Amino acid sequence: MTDTLGIVELAEKVKALLKVNADLKTAGQQVKQIENTKIELEKLNTSLTEISRSYRLIKTRLPTDTQITFESDLGQLIKDLENSRQAFWQQQQPDQTVNLRRCGERAKRLTDLLRGSWRNYVAKQLNPLVNLLNLVVNLPEVAAQRAELQNLKHQLTSFQNSLPQSNNQLQKFDTQLESFRTILQNLEFEPEVRLFLEKIQTGTATIADLNETVLNWCKQGQRAKTFFIKLG
Amino acid sequence: MTISNFKLFQCWDEKRISQVINPEAASVMPADFMATHAPFTHIKYETHPSQVSDTSETGLLNELNEYAVNEEDGHAFVVIQGIPGTGKSHLIWWLKERYAQQNSERDEVLFIRRAQGNLRSTLQQIIESGIFDDATMQDHLKKLKNATVKLSNAALEDMILNNLQVATNEVKLPEAVSPRERRIKGDIEGFLLDPQVRFELKKPNGPVKRLLRFLSSDLQHSLANQEFPRFEAGDFTFQGLTADKIKQSNFEAARLVTQLKASEEMRKDLTVFLNQRQLIDFAIGRTINLTGTELKDMFGELRRELYRRNRNLAIFIEDVAALTGVDAELMEVLLERHTNQVGLCRIISVIGITDSYFRDRLPDNVRRDRVTHHLKLNDDQSSTAESDLLKDGDAIIDLAARYLNAMRKDRTEFETWYNANYATPADLPNRCTTCPHQATCHANFGKAELETGAVGLYPFNRQALLTMYTQLDMNKSSRTPRALLRDVLYYVLQSHTPKLKERMFPPAPREVGSQFNPPSWPNLHYNTVDTQGGKDAERLKSLLLFWGNKDAYSVEINGERNLGGLSRPVFEAFGLPFIEGIPSDRKIVKPDPVLPTPKPDLKPLPPKPEPKPPLPIISPLVITPQIAVQRWLGGEKLRHYDTFARILLNIIRDYTDWEAHGVSRNLLDERFKGYSRLVFEGQDSKVSSNPDDYIEFKRSQELGLVLSVVADIADKDSDWQQVPGKVGAYMAILSGWLRKEEARIVDFVQRPGKNIPAPLPLAKLLMLDCVFQDAVEGRLSSEQASPEVLFKTVMANCAAARDNKLPPSKMNSEVHSAQWRSLFKGLGNQATSLRTALLTALNRAQGNSPNVLFVDAATGLDILRELKAKDWELGVLPNLKVSNVKVWSQSYDNYNSLQSSLYPVLVGERQNLEQSLHTLQNYLKGGTPETVFQTIRDMLKLFSAPPYQLPHNFNSRPDLQSSQLTELITKLAAVCVARSQEELLLGFSAAGVLLPEVQLYLNYLSSFSKLLQDVQQATERAIFDAQSQSNAGQIAEIVGRNYDETIQSLQSLLSKEAVSV
């Protein structure tokens, strides 16, 4: 016999405890669902964080139509998320995995959109320089910087494969790109040579473009052996 | 002498009995008082200013009258001292009446009667006397009236205790000398503040009640005469349980009680401390809002006012103790001589004072120097409370005759006498003078010669009055005029007058009075009365014992046959047969008994023994019992012991009034188990080695004569029954010897051993054993609290035990405390034999028949009343070896077991009951029995229904009811709060039935409580587990936050600024 509670009091306490216990059993089942929701939301959050971060970094480098598409899709995603939140809190639907997965799919599409646009952007920046490099890479003037240019080319090319996640990354990209460009532009070519090389790069050079200056430049040193003639 | 109509005659008026003798002495009218006043012929003067030649009351009155006319030095302070009931009041009243008659023109006479013996009625008398009615005294009158109103306040008990407590603090007392006094002074305030101490002090007959009886008449019982408003050592004998409670109280009370319990000296010292008059007077004065000083001022003012009116003051106070609280200051007023202070009237005061007041409250200097006349009405050398006034038989007769005379005429006749003739004694109305039976009555019942002439003593006679007075039980009464009037005249006439006409007066000896006992028969004559008296035998015994000579001798006086000293008309007057009695040819002389212990009345001499017969001629080889006696007297061994002892033992057994000595048959059988218990000095038979086992009779001529008679009786050839006068002679010899030896024989029987005193009368010991046995066996309850019901119960149980019909007790059950069970086991073995012994001890023979018995309820009830009065406290018996006599050893051992273990048993059982009650109340906490039982039903229903469906082993008991539980708790609680030992014992005994039922409920509730606790624990565990596993709320909150953060983060992307730089 407890010294503090009479039977009536004890019974009241037991009754209350039983109710709490019953409530807890019900609550135990919801926990699983909430935890699943939480996991799903965390997953979504991870991808959305990456997307957000990337988008913030590269938004200005994206084409306008891409931005419009992206933000339109993002608005839909936000709407879906708000609905899910409302269902979770207010309609006490702890299991939001389905809704969140749907959001996740939207997020993936956003990621794909951003990745594609970024890849395009990088290619657009990099391709002319790479072509130039390909033209001159074997020239004796380039020999001293060939390794550096190849390295820059390689690093810049790798930026295509993943969205930048930080300013540093982006700045690094920009810096390397600028270095790449600068090195290539600083190669000492006569203007007729530079023009000729550029035409070669674009595939528009003809015999007619082989003027005196160009031919002299081609015959200097060992350079002549580096050119091959190809017909049409 | 021829008597015609003097039969069943009632010459007194029944209603006049209580008018003339008022036991409370409150409202006797002056005329009746003067009519019954017996003159005090000799008053003892302890102090007197001059030689006293006339010590009668008239001499004293004359003295006062002389003072009254002596304007120069008429101051008198007369103290009349005497124990209660000695006649102080009568003398003072009589003095007042006479003094007022002769001095009313000169004096204001104030008479303060004892009345109810309390201060309130005393103050009321002063108010009603009109002495303060003068316009100049109105303020004083108002103060007095206010004091009487205070005294009617119901809260007086606490007021007086509070004021006593204040007094211990405020009154300056002499410095404490001894360590004990210092301890008392240190602790007394806390002690008097303790609720339990106050409860004890306020108990009936406790000191506060006694004090209040002195103060107020609103209490039910007036103060007993012996009581003073004072504390007694016994007031502080706190019993075990009470003492324990006090010890849990405030520190001072606890400490003082511990010391009081341990030390008789401490109790006495506390009594002395609290009885200091400064304390009591302070407390009383503060309580009634009238201090002694104020009363003194009032009387001082009164004396000045009377002086201005050229009058004097005479104050007569029956008992100054009735003014306790203001008495000291009033005394100062009375002692103040008018010659000491100009403007005061002369004062004469006569005050009654009891011995104890004189000793304890009258200051030494007053006693020594200021009392002008100190008179005493009793002898203070006497060890008993006895009045000097009635030490003379004639004085008793004189006083009784005056009251009998007053009862024979209507009050108006005495009032006429009182008013017309100044109550001249010679003119007192006397009915005897006109009574047609006067001659017969006075000749046969006696008379007293008063101033008014001869007054008959009928229905008493001189012998009856003296016997009843001398037989007063000094434990209950005292030999005073008041006792003579109240316990003899009033009781006998008031109780038995209606019986006269019905031929039932006087009643049986034990019924005649309540405060006096019938005298013992000094002979075997009651057998004769039984035989000859038939249905009137008991009344005849009363007549012979009280009115007569306590014998049944029939003798002739002046040619008229008298029986037991009484003439035929006495018998006829009460409608009694004038039986033959025991013939005797002697004439008798009947002297008055001398008080206080009457000399043995001279009895008619028994017939002279026949001359000794010559020794028969026998063969020298045959030693007959007769020869054996002669040789034994000559110094030889006593032969034929068996014959002598056997016959003498039969005579002792048959002719001793064992009943009168309270000896039961079983005790008699036990002590006289075989005649070997009688031993004659020099007998030739073996004597027990244990001297406690036998009673020895020494070799003597007297015993020789007795044995010679026994020898003749034993002789089959003897013709003793045929020889005229021989039977009578033999009876006289045997009864004479028996009478002489009776006390010793009875003493032998009553004791456990010859040299071992009886620790208590056997019947009492057995009764106490059996009462407690019944209590321990659970056969009593509070319904048996009254001695009458208790007696019936105990006797019924005894009878049932004797007949093997007493149901076994269940008090050995585990539901009782270990102490109780231990006592139960210890007592159990001898219970039946003790109960049987008690039945026998209280059995009394109806008449002469040994087979017709009745139970002596009076003795049993007396024992039980005493037990009740002592609150069932068993006193400690002396340490004795009483193993020789079974009934003694059993009862003594049982008593000692009870006595020694009673207190721990009560404590243990009380704790046991309190524990049960506490446990029950704990179960019921927060609800009632009804709600608890409803809860049990509800919970069981809940447990069995979804979603819980809890399995359990608890069995519902529809037979247990909440109403019964309520009743049990009420009963149990009542026992637990019992304070007195009686209440506790009876309560615990009754709890014998109660406790098993209580246990049933306890088990039931305990079992259910256990179920609840189990469920509680299991559920709490489940909740803990669930709670430890589940943090749904927290997770949900996290999820919510995640939602918000994610959404906010995404929304921020849609703003124009959402670009990282």
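Visitor: In the hairpin of E9(B) and E10(B), which residue takes a positive phi?

Guide: This is a predicted model. Strands E9 (residues 553-557) and E10 (residues 560-563) of chain B run antiparallel, joined by 4 bridges. The hairpin has 2 residues between the strands. The one with a positive phi, near 50°, is B:Asn558.

Visitor: Is B:Glu741 buried or exposed?

Guide: B:Glu741 forms a salt bridge with B:Arg744, at 3.0 Å from N to O. Both lie in helix H31 of chain B, 3 residues apart, about one turn of the helix. Buried means under 20% relative accessible area. B:Glu741 has 15% relative accessibility, so B:Glu741 counts as buried.

Visitor: How many residues apart are B:Glu777 and B:Arg835?

Guide: These two form a salt bridge, with the closest N and O atoms 2.9 Å apart. The pair links distant parts of the chain: B:Glu777 sits in the loop between helices H32 and H33 of chain B, and B:Arg835 in helix H35 of chain B. Both residues are buried.

Visitor: What is the N to O distance in the salt bridge of B:Asp669 and B:Arg653?

Guide: B:Asp669 is partly exposed, at 34% relative accessibility. B:Arg653 is also partly exposed, at 22%. Their side chains meet, N to O, at 2.6 Å.

Visitor: How many salt bridges are there over all chains?

Guide: Some are linked in a network, which includes B:Glu108 and B:Arg304. Over all chains, the count is 58.

Notes
Residues are numbered from 1 along each chain as its sequence is written. Chains are lettered from A and ligands numbered from 1 in the order in which they are written. This is a predicted model: local features need pLDDT of at least 70, side-chain atom pairs count only at pLDDT 80 or more; totals for chains, interfaces and linings use all residues. Side-chain values use heavy atoms; hydrogens and water are left out. Two strands pair if DSSP finds at least two bridges between them. A salt bridge is a side-chain nitrogen of Lys or Arg within 4 Å of a carboxyl oxygen of Asp or Glu. Buried means under 20% relative accessible area, exposed over 50%, partly exposed in between (1.4 Å probe, protein chains only).
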